[in-house]
Amino acid sequence: MPRVSIQTHDFDVSTELAALRAGQGQVGAVCCFVGTVRDHAQGVTGQVQAMELEHYPGMTEASIEAMIDEAHRRFDILGAHVIHRVGVLQTLDQIVLVAVTSKHRGQSFQACEFLMDYLKTQAPFWKKEITPEGAQWVDARVSDDEALARWGIASGNAA
């Protein structure tokens, strides 16, 4: 099973978690995060109707693979899987899945949160929100940079 998948099509959470756990008798905990498209966003005029996500093929996968390697160094986890969708997504569509397995829940929770914080600030994705008033690119958020800083990592995003 690949650790990283960048795709346009939707994913089934239970299928992905079953694949991550398959043959792993040591797994005592599975933690996952699923991000979805909201119908509103901070700083956006009007209701969000859709979101368009772009990425840099090859570079994006390598970046996320490095994030997973770092999670393995920091936490006692058995496995991790990240799916991130690209293309035009509608309100309530799933965008991202971060799933982590470990022997005990604490490590899974921490690693899952770490990966999501890292993903929000360091993965090369570009997000555009589409409203009735038009489309606008989404800038990095200070709150996401602060979340990453909790782990001792500076985002490198310009303020």
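Leaving aside its neighbours within four places in sequence, which residues is Phe114 in contact with?

Reply: Happy to walk through it. This is a predicted model, so local features need pLDDT of at least 70 and side-chain atom pairs count only at pLDDT 80 or more, while totals for chains, interfaces and linings use all residues. Residues are numbered from 1 along each chain as its sequence is written, and side-chain values use heavy atoms, with hydrogens and water left out.

Now to your residue. Beyond its neighbours within four places in sequence, Phe114 is in contact with Met67, Glu70, Ala71, Arg74, Phe75, Trp151 and Ile153; contact means heavy atoms within 4.5 Å.

Next, its surroundings. Phe114 and Tyr118 both lie in helix 3, four residues apart, which is about one turn of the helix. Helices here are DSSP runs of H or I with at least four residues, strands are runs of E with at least two, and both are numbered from the N terminus. Helix 3 covers residues 105-122, 18 residues in total, and reaches 25 Å from its first C-alpha to its last. That is close to the 26 Å expected at 1.5 Å a residue, where the expected span is 1.5 Å times one less than the number of residues.

Both Phe114 and Tyr118 are buried, meaning under 20% relative accessible area, whereas exposed is over 50% and partly exposed is in between (1.4 Å probe, protein chains only). Other buried residues of helix 3 include Ser108, Ala111 and Leu115.

Two aromatic pairs turn up in a search of the whole structure. In one of them, Phe114 and Tyr118 are tilted, at 5.4 Å centre to centre with 35° between the planes. Rings of Phe, Tyr and Trp (its six-membered ring) pair if their centres lie within 6.5 Å; planes under 30 degrees apart count as stacked, over 60 as edge-to-face and the rest as tilted. Ring pairs also link Phe75, Phe114 and Tyr118 into a cluster.

Finally, the core. The largest nonpolar core has 31 residues, and Ile64, Val98, Phe114, Leu115 and Leu119 touch the most other members. Such a core is a set of buried Ala, Val, Leu, Ile, Met, Phe, Trp, Tyr and Cys residues joined through side-chain atoms within 4.5 Å. Among the elements giving two or more residues to this core are helix 2 (59-74), strand 4 (77-85) and helix 3. Helix 3 provides the largest share, seven residues.
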